[in-house]
Amino acid sequence: MTARDTVAEATVTGAGLVVPPVPLPPDAQWFDHRTRLGRGYRYLPEACHYLLAAAREALAEAEPEQHAEERRGIVVGTNSAVTALHADIAGAVRAGGFDTLSPMTVPFFSVNLIAAKLSTEHRFKGFNLTVSSPRVAGLEAVYLAARALSAGRGDLVLAGATEAPDPRAGDAVPESGAALLLLRPRTADAPGPVVRTALRFLPPRAAATPAGRERAGRAVRAALDGVCPARPLSLHLVADDSPTARTAAEAVRAWCAGTTVVTDAAGPARAGALAPLELLARALRPDRPGPEAVVVACREGNLAFAAIDVR
């Protein structure tokens with residue numbers, strides 16, 4: 001199997017990005033669901049609000065009705081969409097018992113219902129999938145969506161990530177917001193920006209031996225060759241400070257040496273999977289000089305690669 005065989009690609013027909021402004025307003029209140037969504041959304045979780053708003057942006061210039069409802073799908077990645085809700089439920093039960101729980105919010109203890117609301121809102125009935133792999137879930141969602149499209153399982157898919165602040169993030173930076181790409185199959189008669197993605201796994205113990213690091217380097221180089229048939233002008237590296245992520249990051253920088261500008265996009269470690277999707281959505285803007293790549297590497301061993309070519 002070659003590197004290209006493990007790459008999923010699709011055409012991007014829309015994008016939605018809902019993230020806090022920088023800097024935050026003094027009261028830190030940056031999103032009002034009543035203004036962005038209207039009436040009837042009060043009891044939905046925060047991450048669901050962001051996801052619905054991002055979907056409206058992604059679909060603003062699309063005509064999904066051209067495709068049958070059963071040919072429209074959704075794949076959403078998240079790490080902390082309902083973490084705060086879980087904490088609230090646990091606290092309420094300890095303090096007052098099950099009778100104190102709200103029947104309006106408790107059903108959302110299942111993270112799948114965040115994306116399910118998106119399906120019912122826009123009648124995307126083909127499939128609905130939620131993934132939660134640490135840090136790479138957003139890019140994994142795009143990868144799975146593109147694979148489904150290339151396999152003929154649908155004609156239109158919303159794919160991306162949504163997050164709400166994780167109260168147990170520790171020293172990591174909680175994430176808030178959502179980013180979605182509207183994808184269709186990559187064909188010769190479907191012009192538009194192309195997104196290519198690939199996934200890899202680097203066993204954490206591999207970073208401890210020279211042989212393991214060499215295998216990791218080969219895997220990283222093969223993945224980048226697959227998603228970047230043309231060298232990108234810039235590559236955004238989202239990596240924590242673990243030995244596993246450092247091993248992958250070294251291989252990425254070696255691959256880029258002399259041809260591609262590498263930006264450490266992470267800063268402090270993030271407690272979510274949204275940052276890579278935000279970078280992809282921004283790379284689609286018409287003022288970007290074009291091709292850009294994103295690589296995610298984390299202590300759990302998950303690696304994700306993506307490239308946007310707007311030409």
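Guide: Let us begin with contact, which means heavy atoms within 4.5 Å. Leaving aside neighbours within four places in sequence, Leu139 is in contact with Thr197, Pro276, Leu277, Leu280, Val294, Val296, Ala304, Phe305 and Ala306. This is a predicted model, in which local features need pLDDT of at least 70 and side-chain atom pairs count only at pLDDT 80 or more, while totals for chains, interfaces and linings use all residues. Residues are numbered from 1 along each chain as its sequence is written, and side-chain values use heavy atoms, with hydrogens and water left out.

Visitor: What lies 2.9 Å from a polar atom of the side chain of Ser80?

Guide: The backbone oxygen of Ala164 lies at that distance. Beyond its neighbours within four places in sequence, Ser80 is in contact with Glu163, Ala164, Asp166 and Ala271.

Visitor: What makes β2 largely enclosed by the rest of the structure?

Guide: Six of the six residues of β2 are buried, which is why the strand is described in that way. Arg72, Ile74 and Val76 cover one side, and Gly73, Val75 and Gly77 the other.

Visitor: How do you know that β2 pairs with β3, and in which sense?

Guide: Two strands pair if DSSP finds at least two bridges between them. β2 and β3 have five, in the parallel sense, and Gly77 stands opposite Val131 in β3. Six bridges join β2 to β4, also parallel, with Gly73 opposite Val157 in β4.

Visitor: Which residues touch the most other members of the largest nonpolar core?

Guide: A nonpolar core is a set of buried Ala, Val, Leu, Ile, Met, Phe, Trp, Tyr and Cys residues joined through side-chain atoms within 4.5 Å. Of the 39 residues in the largest one, they are Leu139, Leu181, Leu183, Val195 and Leu280. The elements giving two or more residues to this core include α5 (137-150) and β6 (177-185). α5 gives the most, with nine residues. Apart from this core lies another, of 32 residues, among them Leu44, Val76, Leu85 and Leu182.

Methods: Polar contact = N/O pair within 3.5 Å; in protein donor to acceptor, adjacent residues only side chain to side chain. Buried < 20%, exposed > 50% of the residue type's maximum accessible area, 1.4 Å probe, protein only. Helix = DSSP H or I, 4+ residues; strand = E, 2+ residues; numbered from the N terminus.
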